[in-house]
Amino acid sequence: MNDWITITSGVLTAAINPFGAELSSLADADGRELMTDADPAFWTGRAPLLFPVVGKVAGDVIRVGGREYPMEKHGFARRLPFTVETAEATRAVFALEDSAATRAQYPYAFRLEVAFSLADASLRVDVTIANTGDRPMPASFGFHPAFAWPLPYGQPRDAHRITFADDAPGPVKQLAEGLIAGDRPSPLHGRTLVMNDALFTRDALIWDPVPTQSLTYGAEPGPQLRIDFPDTPQLGIWSKPGARFVCIEPWHGLADPQGHAGEFRDKPGVLTLAAGASKHVGMTVTLLP
C-alpha cells in the first residue's frame, strides 16, 4: 500500500496500485470506502484491468498463425507492474509495454496507457491501447471494478439496485466452467436488477451486446454511483454469494464460447488495430448525492 498513488478532488479520493495499474480504493469526502474490502474469503481483486483477453480462453491458450500461446483468464496485464508516468494531485498515468515475457504469451508489440483523473465527484479512467508493431494486432480489454455491496450509506444489501439507463430486452449469456455456454433469461425487471445472492450462483451475468452506456448502482435513499461506459459493447456483472462487493464490468470482449478452437483474431468481441493505430476505452464513476 505504501506504493499506491493517491489522487484527490476533495470530493473523491482514489488510490491506484502500480502493480496492474489497479484502482484499489475510492472514498468519499468523509473517507467512506466505495470499493470492495478484498476479503480473501471471497476475492482479493479490487479493479483489475483485463488485457489482452477478457474472460477465459478455451484450453488456456490463444492461437496466432496456427501457433498456441499460453494465456490465463483475463490476461496478464493485471499481474504486471506498470510504469508511473504522471503522478499529480488530481491525475495519474500508468503504462505497460510489451516485453519478452508478454511476447511469449501474446506475440505483439503494444503500449497500454491508463490515465486516472478526478474532477469533483467523478473519476475518469481513460485507457489507450496502441499497436506499436508493424502488423495488425487483435486484442480485448475490460474493466473489472468491485464496488462495495452494500455502499457505506446505511442501507442493507437487499435494498441495492442496478438500473440501466436504457431498456435491455432479451436474454443474457451464461457461463459453464468459465466459457460461454448459451443464454439464460434476463434477470432484469424492466431496466432494474434487484440485487441478491441468487443472481450469482452460476457466475457472472453477461450482456452481449449491452444496450446501454450508463447505469446507476445503489440504494434509496442515499448516495449512489453512476457508471458511464461509452466505448464497450459488452457488460458483465459479477459477485459471489455472501460477498461484500459487486463487480460492474464494461468489456470490449468476452470469454471464448465452448468448443472455440479458432484463431485469436476470430474470438468474439476482439478488436483489431492496424499497425501504428490506437484505441481509446473509457469509464467514468460518479458519486451522485
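Start by selecting Arg-67, which sits in strand 6 (residues 67-70). Strands here are DSSP runs of E, at least two residues long, and are numbered from the N terminus. What you have open is a predicted model, where local features need pLDDT of at least 70 and side-chain atom pairs count only at pLDDT 80 or more, while totals for chains, interfaces and linings use all residues. Residues are numbered from 1 along each chain as its sequence is written, and side-chain values use heavy atoms, with hydrogens and water left out.

Is Arg-67 buried or exposed? Arg-67 counts as exposed because its relative accessibility is 53%. The cut-offs are under 20% relative accessible area for buried, over 50% for exposed, and partly exposed in between, using a 1.4 Å probe and protein chains only.

Before the next stops, a bit of background: most residues other than glycine have a negative phi, and most peptide bonds are trans.

Jump to Asp-60, in the loop between strand 4 (49-50) and strand 5 (61-64). Asp-60 is not a glycine, but its phi is positive, at about 60°. With 38% relative accessibility, Asp-60 counts as partly exposed.

Next, pick Asp-120, in the loop that links strand 9 (110-119) and strand 10 (122-131). Here too phi is positive, near 55°, in a residue other than glycine. Asp-120 has a relative accessible area of 57%, so it is exposed.

Now for the prolines. You'll find Pro-150 in the loop between strand 13 (146-148) and strand 14 (161-164).

Move on to Pro-221, in the loop between strand 19 (214-218) and strand 20 (224-228). The peptide bond that runs from Glu-220 to Pro-221 is cis, with omega near -10°.

### Last stop

Finish at Asp-39, in the loop between strand 3 (22-28) and strand 4. Show its side chain: one of its polar atoms lies 2.9 Å from the backbone nitrogen of Ala-41. Which residues does Asp-39 touch, not counting those up to four places away in sequence? Select Thr-44 and Arg-244 to see them; contact means heavy atoms within 4.5 Å.

Terms used: Helix = DSSP H or I, 4+ residues; strand = E, 2+ residues; numbered from the N terminus. Polar contact = N/O pair within 3.5 Å; in protein donor to acceptor, adjacent residues only side chain to side chain.
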